[in-house]
Amino acid sequence: PALELSLSPQVSAAAAAAGAFPKRVKVVEVGPRDGLQNEKTVVPTPVKISLINMLSETGLQVIEATSFVSPKWVPQMADHTEVMQGINKLPGISYPVLTPNLKGFQAAVAAGAKEVSIFGAASELFTKKNINCSIEESLARFDEVMTAARAASIPVRGYVSCVLGCPYEGKISPAKVAEVSKKMYSMGCYEISLGDTIGIGTPGSMKEMLTAVMKEVPVGALAVHCHDTYGQALANILVALQMGVSVVDASVAGLGGCPYAQGASGNVATEDLVYMLNGLGIHTGVDLQKLMDTGTFICNALNRRTNSKVSQASCRL
Amino acid sequence: QEAKTSGLPEYVKIVEVGPRDGLQNEKVIVPTDIKIELINRLSKTGLPAIEVTSFVSSKWVPQMADHKEVMRGIERYPGIQYPVLTPNLQGFHSAIAAGATEVSVFGAASESFSKMNINCSIEESIDKFEEVLKAARNMNIPVRGYVSCALGCPYEGNITPAKVAEVSKRLYSMGCYEICLGDTIGVGTPGSTKRMLEAVMKEIPLNALAVHCHDTYGQALANILTAIQMGVAVVDSSVAGLGGCPYAKGATGNVATEDVIYMLNGLGINTGVNLYAVMEAGNFICTALNKKTNSKVAQASFNIGAVN
């Protein structure tokens, strides 16, 4: 039955009016980048392009397209230029790309990128293991990107990884997350996406961390990027929404496993997020059925089952 | 301290339904000795309540045909409740004869569901339970009342919070010590959970309420969190997330106990349950069922060999 996919308008309106939730949430779709980057199977360029084009038809306003990082490090994203140049860029939709340094930034802009993202971390050890430098040094690198972006009027989104825990350091203090977020925000990032990289957070630690960060960065400039490795993602997102966060990252079909826990899941599924937001009467502009169809497409291409429970439940086999 | 300052309950009682609701909804039927072993292992985890089996005709629920043997075969630890389902007076007597000291009855907030499930109206089903409640009262046996389809029905679709409150109130005034509100097909979201609980809480005291959320649409933990934020302090769950959804082929059903405990631990809420011990019990039953766990915490933990 279609019951689970739609609410009567009266119920939706009542729900939105009653709670302390934002009326609208912007969903940032990271499947084509974060998702595909963390899948075992490398997907051919035409499939990536089809995926992004299909996502562009779902009502999503932001779709992270690819990563301009050396194919030596991330072979799954080696076709970044072709993907960027091959996709249909619909007006009103943003297609940010990752740019870890100035070289990547320049390649991205040359390929037609109009928005970029940079990745910081709240953990020294994670930064060292991941990009072989300290947090301070990584921010200095980003400064170059920021300067170039400002000159080219290109908006920059800042990610902070390990906000609720680090695979190497363990606990991460909310104060540290706030410090790194503040730095990236004052460097000129228009939005800071707080990532629970190993999905270890719970509503308690999410609340604590956001409380600290919200002292330094306005809530309107905050986003959450929750991983579902321990099944906590939607509960963590719920708490973030209750605190006023209105931008949430997710990955179609829950693409992208966790590189730190073999076989475990990673990104939260966009379908499951949208289902929850619909139920809360929060407007996303996303067509859930089209989203599920897109998820089916990419899972077939990857020859894998979806990680989205909504998709699993709705699929009539 | 975290739980105290946040307005959340300091303690949440977990009612483990894996051996009954879980196994009843698994494709593979599990032999009696495995059922008993599972329950014995769960008894050592700190869980305060474990739903053991169902005294229903084996014609309807073959997976629970061995109810007597299971009830008699398990080790009963002092301080742990071992409720069983009893759909009618006959089942109740059979349960008592087999040594049960607590029973549960199942009502529904949907007429269609009631009709399709037990072939009678809500009113008729409540009459049947009345007999059970009377007999239970005479023997000082506590009765837990379940209300199915609290957030939606596979046949009727939307269910009004008022109807859920009405059925809950009936069961409570008949003498059930606790009313467990079940999102039978997992369609609920934090919004509908809140609205339903607000209606029910007008009729039933908070400390007599429990939630039984299904994770069919991935919403269970968010719904449970919402319930806890409203003061509910009893939560049903199933080890390893045993028990698929009979209304959506291939979909999941019960929320995994491990994942619930992980969340509660993170919130500083006491449950008395050893998460690692539950994961081990989950590993045992999944091996026996030859299936992968539905618990994300178990998936993540067994693969990196570390537990938080």
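**Group meeting talk: a predicted two-chain model**

What I am showing is a predicted model, in which local features need a pLDDT of at least 70, side-chain atom pairs count only at pLDDT 80 or more, and totals for chains, interfaces and linings use all residues, while side-chain values use heavy atoms, with hydrogens and water left out. Residues are numbered from 1 along each chain as its sequence is written, and chains are lettered from A, with ligands numbered from 1, in the order in which they are written.

Staying with A:Cys162 for a moment, its phi is near 60 degrees, which is a positive value in a residue other than glycine. In general, most residues other than glycine have a negative phi. The residue sits in the loop of chain A that runs between strand E6 (156-161) and helix H8 (174-186), where helices (H or I, at least four residues) and strands (E, at least two) are DSSP runs numbered from the N terminus. Chain B has a residue of this kind in B:Asn119, with a phi near 55 degrees, again positive in a residue other than glycine. Is B:Asn119 buried or exposed? B:Asn119 is exposed, at 62% relative accessible area, and its place is the loop between helix H6 (111-118) and helix H7 (122-138) of chain B.

How far can we trust the model? The pLDDT, the predictor's confidence in each residue on a scale from 0 to 100, has a mean of 94 in chain B, where 96% of the residues reach 70 or more. In chain A the average is 92, and 93% of the residues score at least 70. Please keep in mind, however, that over residues 1-18 of chain A the pLDDT is below 50, although this stretch has 25 contacts in the model beyond near neighbours in sequence, a contact being heavy atoms within 4.5 Å. For the complex, the predictor gives an ipTM of 0.89 and a pTM of 0.91.

Now to chain B as a whole, whose secondary structure comes to 13 helices and eight strands. Its radius of gyration is 18 Å, which agrees with the value near 19 Å that a compact globule of 308 residues would have; the radius is taken over C-alpha atoms, and the globule rule is 2.2 Å times the number of residues to the power 0.38. Of those 308 residues, 62% count as buried, and of the contacts between residues at least 6 apart in sequence, 76% join residues at least 24 apart.

Within chain B, helix H10 (residues 220-229) is largely enclosed by the rest of the structure, because nine of its 10 residues are buried. The buried residues include B:Leu221, B:Ile224, B:Leu225 and B:Ile228, along with B:Asn223. Just after this helix, B:Gly231 takes a positive phi of about 105 degrees.

I would also point to B:Lys296, which lies in helix H13 (residues 296-304) of chain B and is buried, with a relative accessible area of 14%. Which residues does B:Lys296 contact, leaving aside its neighbours within four places in sequence? They are A:Asp228, A:Thr229, A:Tyr230, A:Gly231 and A:Ser265, together with B:Asp259.

On chain A, the UniProt record, in an unreviewed entry, lists residues 25-292 as "domain: Pyruvate carboxyltransferase"; such annotations may be inferred rather than shown by experiment, and the positions follow the numbering used here. Over those residues the chain is 41% helix and 14% strand, and the end C-alpha atoms are 19 Å apart. A:Ser56, in helix H3 (residues 45-56), is buried at 5% relative accessibility and touches A:Ile63, A:Asn88, A:Leu90, A:Ile93 and A:Tyr95, not counting residues up to four places away in sequence.

Notes. Buried < 20%, exposed > 50% of the residue type's maximum accessible area, 1.4 Å probe, protein only.
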